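Hi everyone, thanks for making the time. Have the model open while I talk, and stop me whenever you like.

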Amino acid sequence: MVRGVEERLGRARVRRIQAPLLSSLVDAELLEGGFLGEPRRRSGALVPRDAIEAALSPRSRPGAALPPEVAARRLGGEVLRAHALAEVFPEDVATAHLEGALHVHGLARPAALFALTLSLDALKVEGVPGAGGRTPSRAAEDLRRFLAQVGRASRTLRGYATHGVGVPAANLLLAPLLPGNGSEVPPAPDLREEAWHLLFEAASDPAGSAAAMGTDLDLLAEVPACLAPVPALGPGGRRTGESLGDQAARSLALARAVVAVRASGEGLPPRATLPGLNIVVGRAALGDPRSRELLREALEAALRGTPIRLALERDGIPRPGSLLLRDPEEDAGRCAADGGMRPFCAQRVTLNLPRAAFRCPPGDLAGFLRECDRLVDLAVAAHGARRSLLATVAAGEGGALAPLFVRSRRAGGPPPADLASGSWSVGIIGLNEAVSHLLGEEFHESDGAVKVGARVLSYLGLKVREAGAALDLRVHLDASTSGRASERFARLDREEHRREQEDATAGRGHYTEGAALRPDAPADLLLRLEREGRLHGHLRTAVFRLDPSAEPGVSEEGLLVALEKAFLHTGIHQISFEPGAGAPGRAVARAASSVARVGDGARVGDGARDGDGARDGDGGGD
Amino acid sequence: MELEGLPPIGGLLESSLVHWEGRVAAVVFLQGCNLACPGCPAPHLVPRAAAGGAEDGSGGVVPGNLIPAEGVLDAVFSRRAMLDGVVVAGGEPLLHDTLPDLLEILRSFGLQTRVHTNGTRPRALRRLLEADLVDSVALTLRAPLNALYSVAAGTEVDLGGIWRSVELLLGDPGDHEFRVVVDPRLLTREDLLALGRTVAGARRVVLEPAARGVLAGRPGRDYGGSGGTGGADRNLGAA
Ligand code: SF4
């Protein structure tokens with residue numbers, strides 16, 4: 001096996017490589033040698049020459065230095081991708097992926113999961129999980145040490161997830177570790193100091209290691225009713241005698257400190273490496289002046305260029321890792337369980353909806369749904385195959401996923417997570433273009449197009465559940481925001497369906513993410529909120545993107561009002577404030593009798609990504 | 001619905017977060033204005049009779065033919081759940097005797113109303129306030145109330161009229177906002193202070209950067225302090 005790795009490096013002319021970064025190449029050898037998973041065929045996975053060359057060339061600019069570790073990781077990724085397609089997934093799934101009918105995410109790291117959550121309460125009790133069967137570290141006795149453990153644990157977990165790691169209820173679960181009792185709010189400078197350490201520890205590696213993909217911190221703007229009676233765990237994971245409900249004031253103050261420090265950026269690592277901030281907003285937060293203060297400050301930060309996401313939780317249940325892993329049925333029970341809130345999503349497969357539509361003549365909705373059926377069956381078959389692999393690599397204390405699924409003998413007790421409890425995702429891209437092909441109208445152009453879109457989503461939602469249930473998998477429908485998958489779909493479709501694509505995309509040649517309106521469509525904010533909101537209702541996760549700079553002169557108060565409208569009158573799940581990311585219509589006026597709309601808002605594409613751990617918001621790791 | 005006799009509508013902004021802070025509002029632009037401000041952001045709305053023409057690119061209002069009131073009211077009505085109110089701007093909306101009819105219809109949709117005026121029609125303003133047809137009035141001031149005003153407005157202005165409008169609003173219990181257009185090529189620091197004294201006691205004063213220079217070629221001024229003139233929403237009320 002060692003020789004195999006050496007030969008790969010030699011062929012790639014990589015002269016120096018750091019030991020920990022050999023892991024992906026070793027994984028490749030293990031998989032290829034049949035030590036991971038249960039390969040059905042023993043054949044070398046062939047990596048196309050251009051893929052190897054691409055892996056070894058710097059992507060930023062020609063001639064730039066490519067760190068050997070990055071080269072090795074990319075190369076390992078290419079080998080694993082080829083191997084996974086040849087050996088792990090059924091042939092028809094691999095073919096569909098290669099042809100661009102669907103996109104299996106995370107192929108470069110087949111033994112990793114899609115998204116994970118880090119439970120702070122579990123960390124308080126158990127300490128950092130020990131990788132590869134090593135014993136975990138002890139629970140920390142003070143906040144500063146605990147934050148260091150948060151950093152270590154999130155780095156460890158990021159190695160196991162291709163998409164992201166979410167930390168649910170970060171402010172609420174950290175609050176009991178602050179000095180004093182629940183009613184004492186520490187002075188703002190002290191809180192900012194702790195917030196700084198939290199952000200610093202949760203930041204990803206700027207050098208772009210395997211753990212470069214970020215961590216998302218969920219900050220609750222209120223204490224949800226289901227969490228209020230849960231006992232608060234303090235230092236060492238011991239009960240403080242108070243409940244989480246008693247921590248409301250401290251939790252809110254800590255959230256405000258995190259937002260303020262993140263907005264100032266002072267002394268923090270580069271912006272791109274900082275954790276994402278997701279503010280979870282419920283009904284109570286909108287009516288509470290103190291919570292509104294947090295929201296106002298967060299929106300002010302967004303106006304000044306800080307990326308902020310708001311998760312709109314209308315049923316009072318904070319989804320664990322809300323932006324990655326919502327599960328409406330299971331979250332209620334899970335969130336009240338001690339040490340719970342650490343679900344995971346094992347894999348995402350994204351469907352190319354425009355392709356499915358282009359294969360049918362305009363107007364043939366039934367034909368399109370039949371195409372979708374076929375794609376969903378393939379996606380769920382891919383999930384079944386990945387589950388078999390994961391079950392193998394998760395097994396035993398020495399298994400690759402042992403820290404997640406196997407409790408070490410020393411720690412005792414039940415395993416931290418159960419492979420069977422994970423969810424599986426079927427993502428969609430380009431619903432707008434699919435409907436445009438079928439109906440001749442895009443979402444911003446007609447209410448009828450939105451109705452058809454909602455019908456398609458409702459059908460797909462049922463279909464993925466049914467197909468998943470047949471394999472005993474909990475499968476959900478999500479809006480995929482992977483720029484890479486979108487770009488790949490569009491490129492491949494250009495070859496086979498150029499005319500249809502040009503018609504459906506009005507010559508733009510790229511697809512909108514998930515079930516969103518086209519970013520450059522002449523539609524104002526309200527129209528977007530209302531129409532996308534109707535589609536979000538059929539999806540587990542979906543993001544509404546809002547570029548505050550596209551609303552000239554708007555204040556945080558104005559954005560707060562828009563947030564309230566979105567919460568009360570639409571089904572929008574999440575609003576992502578992304579300065580410069582796009583321009584959901586600004587001034588849109590009606591011309592006299594033509595009722596034509598004019599808008600501006602050219603939007604930069606969907607954030608193409610290089611798959612080396614860079615994130616494009618909700619994008620996949622592959 | 002009786003649509004005869006409504007004021008001429010030259011543009012509609014279906015939603016705005018900035019025309020009435022703290023509210024999501026549609027903005028209805030009425031055709032016609034009695035001033036000729038050199039920096040007018042919507043010159044196509046100034047003529048009493050709307051002319052055909054191309055988009056001016058100044059911020060979304062489409063010039064040209066009038067918009068049928070029915071279409072505008074339909075659009076506003078269909079979005080009423082998402083809207084808090086409607087801002088009626090111009091042009092100068094108080095030029096139109098039928099403005100109260102429009103406001104009444106908008107009120108019947110369950111929406112709040114705001115009128116943006118240049119303050120030159122105090123009698124019409126008084127009638128609106130007395131009839132309780134507006135929830136808020138925004139009055140735009142372009143210069144201190146002296147000879148400079150006619151320069152800023154591009155025409156002779158009845159300063160007494162503007163003064164009466166200011167007093168009306170200051171004495172009215174309803175919501176109001178004074179918007180001061182700050183053009184550093186026209187106004188000195190002293191001018192701004194004089195304006196501040198004019199609206200002393202106002203509930204809210206918003207500084208609004210001029211859309212275009214009033215007097216091209218004149219150098220900008222430094223008003224001192226750190227704020228400059230760039231940002232909207234800087235409160236002069238206490239000044
Ligand atoms: S008052 Fe307003 S509409 Fe009239 S000319 Fe001046 S800026 Fe233009």
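Let me start with how elements are named: helices (H or I, at least four residues) and strands (E, at least two) are DSSP runs, numbered from the N terminus. With that in hand, Gly91(B) lies in the loop between β3 (85-89) and α2 of chain B. Before going on, some ground rules: this is a predicted model, where local features need pLDDT of at least 70, side-chain atom pairs count only at pLDDT 80 or more, and totals for chains, interfaces and linings use all residues. Residues are numbered from 1 along each chain as its sequence is written, chains are lettered from A and ligands numbered from 1 in the order in which they are written, and side-chain values use heavy atoms, with hydrogens and water left out.

Back to Gly91(B). A cis peptide bond links Gly90(B) to Gly91(B), with omega at about 5 degrees. As a reminder, most residues other than glycine have a negative phi, and most peptide bonds are trans.

Around the ligand we find Cys33(B), Leu35(B), Ala36(B), Cys37(B), Cys40(B), Pro41(B), Val46(B), Gly91(B), Asn118(B) and Arg142(B). How does that shell split by class? There are 7 nonpolar, 2 polar and 1 charged residues, where Ala, Val, Leu, Ile, Met, Phe, Trp, Tyr, Cys and Pro count as nonpolar, Asp, Glu, Lys and Arg as charged, and the others, Gly among them, as polar.

Now chain B as a whole. Its secondary structure comes to 6 helices and 7 strands, and along the sequence they run β-β-α-β-α-β-α-β-α-α-β-α-β. Of the 239 residues in chain B, 51% are buried; buried means under 20% relative accessible area, exposed over 50%, and partly exposed in between (1.4 Å probe, protein chains only). For contacts, meaning heavy atoms within 4.5 Å, look at those in chain B with a separation of 6 or more: 69% of them are between residues 24 or more positions apart.

On to the aromatics. Rings of Phe, Tyr and Trp (its six-membered ring) pair if their centres lie within 6.5 Å; planes under 30 degrees apart count as stacked, over 60 as edge-to-face and the rest as tilted. That rule gives 3 aromatic pairs over all chains. Why is the pair of Trp196(A) and Phe200(A) called stacked? Because the ring centres are 4.9 Å apart and the planes are at 15 degrees. Trp196(A) and Phe200(A) are 4 residues apart in helix α9 (residues 188-202) of chain A, and therefore about one helical turn separates them. Trp196(A) is partly exposed, at 25% relative accessibility, and so is Phe200(A), at 39%.

Over in chain B, Phe77(B) and Phe109(B) make an edge-to-face pair, 5.0 Å centre to centre with 70 degrees between the planes. Phe77(B) is in helix α1 (residues 69-78) and Phe109(B) in the loop between α2 (99-108) and β4 (112-117) of chain B, so the pair ties together parts that are 32 residues apart in sequence. Phe77(B) is partly exposed at 37%, while Phe109(B) is buried at 10%.

Next, the inside. A nonpolar core is a set of buried Ala, Val, Leu, Ile, Met, Phe, Trp, Tyr and Cys residues joined through side-chain atoms within 4.5 Å. The largest one has 205 residues, and Ile279(A), Leu310(A), Phe368(A) and Val76(B) have the most contacts inside it. Helix α15 (residues 365-394) of chain A gives the largest share of this core, 15 residues.

Ala169(A), not a glycine, has a positive phi of about 50 degrees, and at 3% relative accessibility it is buried. Asp472(A) has a positive phi too, near 60 degrees, but at 68% it counts as exposed.

Definitions and conventions
A residue is near a molecule or strand if one of its heavy atoms lies within 4 Å of it.
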